[in-house]
Amino acid sequence: MTQTSMTSISKHALPETKDQVHRVLIGKKQILVTEEEPLLVQLERAGIHIEYQCREGYCSSCSVKLLWGHVSYPFEPLAWVQSGYMLACCAIVKSDIEIAFFD
Amino acid sequence: MSYSTFNRKHFDSTKEPMFFGENVNVARYDQQKHPIFEKLIEKQLSFFWRPEEVDLSTDRKDFQRLEEHEQHIFLSNLKYQTLLDSVQGRSPNVALLPIVSLPELETWIETWSFSETIHSRSYTHIIRNIVNDPTKIFDDIVTNEEITKRADSVSKYYDRLIEMVSIYNTMGMGTFNIPGKGDIEISMPKLKKALYLTVASVNVLEAVRFYVSFACSFGFAERTLMEGNAKIIKLIARDEALHLTGTQHMLNLMASGKDDPEMAIIAEECKEEMRNIFVEAAEQEKDWATYLFKDGSMIGLNAQILGQYVEYITNVRMQAVGLETYFPTKHNPIPWINAWLVSDNVQVAPQEAEISSYLVGQTDNSLDDSDFDDFDL
């Protein structure tokens with residue numbers, strides 16, 4: 001199992017807006033997300049499709065690797081979240097992050 | 001060490017392990033060692049549904065119009081689902097209740113098993129609606145070789161645990177000669193190992209085997225066939241997603257040692273065997289796919305695609321219980337399944353046929369074009 005260092009990196013490269021905007025790196029792709037909605041819907045809007053079933057934190061289908069950065073959960077998901085992973089359906093991105101699917 | 005339905009000892013259940021501690025006495029939930037199990041109970045209860053809510057009259061017509069090899073796929077898949085839920089409707093109760101030590105987990109096991117009995121009743125509802133003689137279908141489940149092979153692999157871990165626990169409850173620890181079975185050694189590590197492997201095999205049943213069968217059910221619905229059946233399977237899939245989370249929690253709690261330090265050692269020792277349970281089940285599911293499609297494929301689904309889905313879903317489930325992935329398939333070959341699996345409380349695809357909450361006694365499936373004759377735009 002990969003261990004995650006929950007390091008947040010500085011956001012000086014990003015413009016200061018009313019709503020916090022963070023970068024999400026997925027392989028060579030990068031998208032910008034806000035803290036207003038969970039990651040899953042924002043990925044979908046950006047045309048990046050990931051697996052889902054319940055979309056409310058109990059099935060763990062949308063589990064992805066969190067390589068670095070911070071996310072938080074407005075409510076604690078029912079699914080077991082392995083260390084170094086996150087649930088895209090209910091996690092709010094709190095810093096720039098990098099995620100990955102299967103090895 | 002015999003089982004008591006009301007343990008007279010005074011003890012703090014929050015200090016007990018999940019299994020093989022004291023028998024539960026007071027069913028109290030004011031103090032909990034693992035509150036997750038009560039959350040699962042609440043979620044499961046909020047999902048309550050009855051098969052009779054889903055209208056299947058169109059499915060009967062659809063079924064009659066299916067080609068023969070498609071009827072074989074549909075019925076075999078349904079027989080397999082019936083087998084799996086027959087096992088799941090009783091086994092968590094029979095195998096786990098005598099050894100559980102936490103009230104919230106005991107009640108989760110009962111709630112979980114109960115929901116499986118709803119699934120079993122829904123298969124009868126489906127079969128009654130699509131064929132004239134349900135007996136032929138049910139009887140084949142215990143005689144068809146392809147199905148009975150699978151019955152053995154889904155029940156053997158349960159059966160072994162049940163046997164060992166019953167010896168333990170009557171005889172205690174030691175090595176006992178059981179007529180017809182030879183010497184059976186009963187010790188706490190052996191019991192815990194049997195338990196761990198049972199939970200792993202249940203996770204495989206619910207998180208891998210069931211999903212393969214869901215893919216077939218939804219394969220028909222993708223072609224707008226057998227949609228009533230798909231609505232029922234959608235409700236079943238929502239329950240199973242919760243159940244597999246339950247067994248993932250049990251396995252991960254055991255492996256972490258936070259619940260019972262001895263269990264962490266056993267989990268580590270069983271890693272290879274657990275991996276084999278996943279891989280073996282995946283191979284069986286691929287063989288099953290070949291059997292299903294032996295006389296022909298259907299649009300959108302064949303033995304090869306279903307086999308890739310088996311590999312993909314097995315990888316996902318292995319990773320969720322801390323195992324390395326095993327198969328090369330890293331992408332879901334049938335991404336359309338997500339739209340069918342998605343739970344209703346989030347309406348992403350608002351077509352009526354896909355939203356079962358619209359269906360509670362509401363739909364009229366006998367509409368045709370003439371019903372709109374007096375509509376003018």
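Trainee: Among contacts in chain A between residues at least 6 apart in sequence, how many join residues at least 24 apart?

Mentor: In this predicted model, 53% of those contacts in chain A join residues at least 24 apart.

Trainee: What secondary structure does chain A have, and in what order do the elements run?

Mentor: Chain A has one helix and seven strands. Starting at the N terminus, the order is β-β-α-β-β-β-β-β. Of the 103 residues in chain A, 48% are buried. The chain exposes about 5200 Å², and 53% of that area is supplied by carbon and sulfur atoms.

Trainee: Turning to chain B, why are H1(B) and H8(B) called roughly antiparallel?

Mentor: Helix H1 covers residues 36-46 and helix H8 covers residues 227-256, and the two pack at an angle of about 175 degrees. An angle over 145 degrees counts as roughly antiparallel, and H1(B) and H8(B) are therefore given that name. Their axes are 10 Å apart.

Trainee: Which residues meet where H1(B) packs on H8(B)?

Mentor: From H1(B) come Ile36(B), Phe37(B), Leu40(B), Lys43(B) and Gln44(B). Among their partners in H8(B) are Asp239(B), Leu242(B), His243(B) and Met250(B). The residues of this contact are six nonpolar, five polar and two charged.

Trainee: What makes Ile233(B) a buried residue?

Mentor: The cut-off for buried is under 20% relative accessible area. Ile233(B) has 0%, so Ile233(B) is buried. This residue sits in helix H8 of chain B.

Trainee: Leaving out residues up to four places away in sequence, what does Ile233(B) touch?

Mentor: Ile233(B) touches Gln81(B), Tyr123(B), Phe214(B), Ser217(B) and Phe218(B). As for Gln284(B), 51 residues from Ile233(B) along the chain, the C-alpha atoms of the two are separated by 22 Å.

Trainee: Which residues touch the most other members of the largest nonpolar core?

Mentor: They are Phe19(B), Phe74(B), Leu105(B) and Leu195(B), in a core of 125 residues. Helix H7 of chain B, residues 188-222, gives this core its largest share, 22 residues. Apart from this core lies another of 25 residues, including Cys62(A), Ala79(A), Cys89(A) and Val93(A).

Trainee: How do you know that Leu195(B) is in contact with Phe19(B)?

Mentor: Contact means heavy atoms within 4.5 Å, and Phe19(B) is listed among the contacts of Leu195(B) beyond four places in sequence.

Trainee: What tends to happen to nonpolar side chains in soluble globular proteins?

Mentor: They tend to be buried together.

Notes:
Residues are numbered from 1 along each chain as its sequence is written. Chains are lettered from A and ligands numbered from 1 in the order in which they are written. This is a predicted model: local features need pLDDT of at least 70, side-chain atom pairs count only at pLDDT 80 or more; totals for chains, interfaces and linings use all residues. Side-chain values use heavy atoms; hydrogens and water are left out. Axes are lines fitted to C-alpha atoms, for helices over the stretch in contact, and angles run from 0 to 180 degrees between N-to-C directions. Helices (H or I, at least four residues) and strands (E, at least two) are DSSP runs, numbered from the N terminus. Angles under 35 degrees count as roughly parallel, over 145 as roughly antiparallel, 65 to 115 as roughly perpendicular and the rest as oblique. Ala, Val, Leu, Ile, Met, Phe, Trp, Tyr, Cys and Pro count as nonpolar, Asp, Glu, Lys and Arg as charged, and the others, Gly among them, as polar. Buried means under 20% relative accessible area, exposed over 50%, partly exposed in between (1.4 Å probe, protein chains only). Accessible areas come from the Shrake-Rupley method with a 1.4 Å probe; for residues, only the protein chains shown count as cover. A nonpolar core is a set of buried Ala, Val, Leu, Ile, Met, Phe, Trp, Tyr and Cys residues joined through side-chain atoms within 4.5 Å.
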